[in-house]
Amino acid sequence: MASSTKNLGDIEERFFECSFCLQTLKEPKTLPCLHRYCKECLEKIIAEKKDAFNCPLCDEECEVPPESANGFKTDFFIKSVLEFCQLESSYKEDKVKRCRGCKEDKIVRAYCFKCSDFLCQQYYQFHLDNDMVEEHRWHLLDLQTVDVRSLTLEKLTSLTEAPRCAVHVEHMAQMCCETCQNLPICVACIFGDHKGHVAHEVKNLARSEREKLQATMSELEKCRDTLYELPERVALVREALGGNVKEQLEKARIEHKRASEKLLETADMQKRVLKKERMGIFERNKKENRYARKWKRKWRNSGRNMARSCEKRSRVVGEKWERWMCEVEL
């Protein structure tokens, strides 16, 4: 698998940073949401809650196991990689560290995964020659001869000691409790706190998980070529979209110009029509006003003539009346 042969030196340091304390992970524990925290940090988070708490990163709700922080699975993969980082640092800088055997601060020569500590030259040789620690020889890493650039997870895993029981740390873990999220336990735990729980042997569980991982990796390998082609495809699509956008923008600009010219032309035409109608109305009103003034003068003159005629006839009638009265008196 590609991931198993990846050079560990290429992994960024921030990958191993606890998002709670912002320090390198110590005894990393994995939540159901797959985010990791130091065991001590997780205990601080749980101490503020009772039955459940929210992951500080994704805010997903997580139930608190009966065993508190110990109930969450230890991320042995990250734990192994962190050990590698310490080894790499010692190899590059020749750091002085305390030897597990002589208890003195010296430039270390090797690291024993069985002892989980560094060894000086003297006790490294003691591990190689003394049959009392014969089983440790398979877990030794010579820091002076190893090439960190070619050290892979497969090599590191072969040297790492099997996980210990989460409750009885002095015992090796022979089983994993499925009920408690595959928590590593020993035989004593099966008849104790984990009695009645579903448990599997470590080797069988490891083989099952390895098969699932291999199936997943096979699917990822199929998608890898397609994934690598995506940037090129995205660039082509972006270029095509860019050309289409420019073309559409130019087309929209031309259409906008045509529509604007047509609207201006229509507005001018409407303006001319309204002006013509207004002038027509003005001429009609002017003509009607002249006609009205003419008839007004005509009726006024007619009234005056009628008044004069009536006045004249009145005088005539009056004169006739006076003559008739005079004749009657005589």
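The legends below describe close-up views of a predicted model.

**View 1. Overall fold of the predicted protein.** The secondary structure comes to 6 helices and 13 strands. Buried residues make up 24% of the 330 residues. The protein exposes about 24,500 Å². Carbon and sulfur atoms supply 54% of that area. Among contacts between residues at least 6 apart in sequence, 42% join residues at least 24 apart.

**View 2. An open, antiparallel sheet of 3 strands.** The strand order is β2-β1-β5, and the pairing is antiparallel. Strands β2 (36-38) and β5 (73-74) are the edges, and each pairs on one side only. Helix α1 (residues 39-47) packs on this sheet. The helix touches β1 and β2. Its direction makes about 95 degrees with that of β2. Strand β1 (residues 28-30) is joined to β5 by 2 bridges. Strands of a sheet pair through backbone hydrogen bonds.

**View 3. Thr30 in strand β1.** Thr30 is found in β1. Its bridge partner in β5 is Lys73. Thr30 counts as buried because its relative accessibility is 13%, under the 20% limit. Leaving aside residues up to four places away in sequence, Thr30 touches His35, Arg36, Phe72, Lys73 and Asp75.

**View 4. Positive phi at Glu27.** Glu27 lies in the segment before β1. Its phi is positive, about 50 degrees, although Glu27 is not a glycine. Most residues other than glycine have a negative phi. Glu27 is partly exposed, with a relative accessible area of 33%.

**View 5. Positive phi at Asp59.** Asp59 sits in the loop between β3 (52-54) and β4 (61-63). Here too the residue is not a glycine, yet phi is positive, about 70 degrees. Asp59 counts as exposed because its relative accessibility is 53%, over the 50% limit.

View 6. Tyr228 belongs to helix α6 (residues 202-329). Tyr228 is exposed, with a relative accessible area of 60%.

**View 7. The salt bridge of Arg253 and Glu250.** The count of salt bridges in the model comes to 3, and this pair is one of them. The closest N and O atoms of Arg253 and Glu250 are 2.5 Å apart. The two residues are separated by about one helical turn because they are 3 residues apart in helix α6. Arg253 is partly exposed at 48% relative accessibility. Glu250 is also partly exposed, at 37%. Side chains of opposite charge can pair when their charged atoms come close.

**View 8. The salt bridge of Arg258 and Glu255.** The side chains of Arg258 and Glu255 meet at 3.8 Å, N to O. They are 3 residues apart in helix α6, so about one helical turn separates them. Arg258 is exposed, with a relative accessible area of 52%. Glu255 is partly exposed, with 42%.

**View 9. The salt bridge of Glu311 and Arg315.** Glu311 pairs with Arg315, the closest N and O atoms being 3.6 Å apart. About one helical turn lies between these residues because they are 4 residues apart in helix α6. Glu311 counts as partly exposed at 48% relative accessibility. Arg315 is partly exposed as well, with a relative accessible area of 47%.

Note on methods
Residues numbered from 1 in each chain as written. Predicted model: local features only at pLDDT ≥ 70, side-chain atom pairs only at ≥ 80, totals over all residues. Heavy atoms only, no water. Pairing = 2+ DSSP bridges. Contact = heavy atoms within 4.5 Å. Axes fitted to C-alpha atoms, helices over the stretch in contact; angles between N-to-C directions. Buried < 20%, exposed > 50% of the residue type's maximum accessible area, 1.4 Å probe, protein only. Areas by Shrake-Rupley, 256 points an atom, 1.4 Å probe, with all protein chains shown as cover. Salt bridge = Lys/Arg side-chain N within 4 Å of Asp/Glu carboxyl O.
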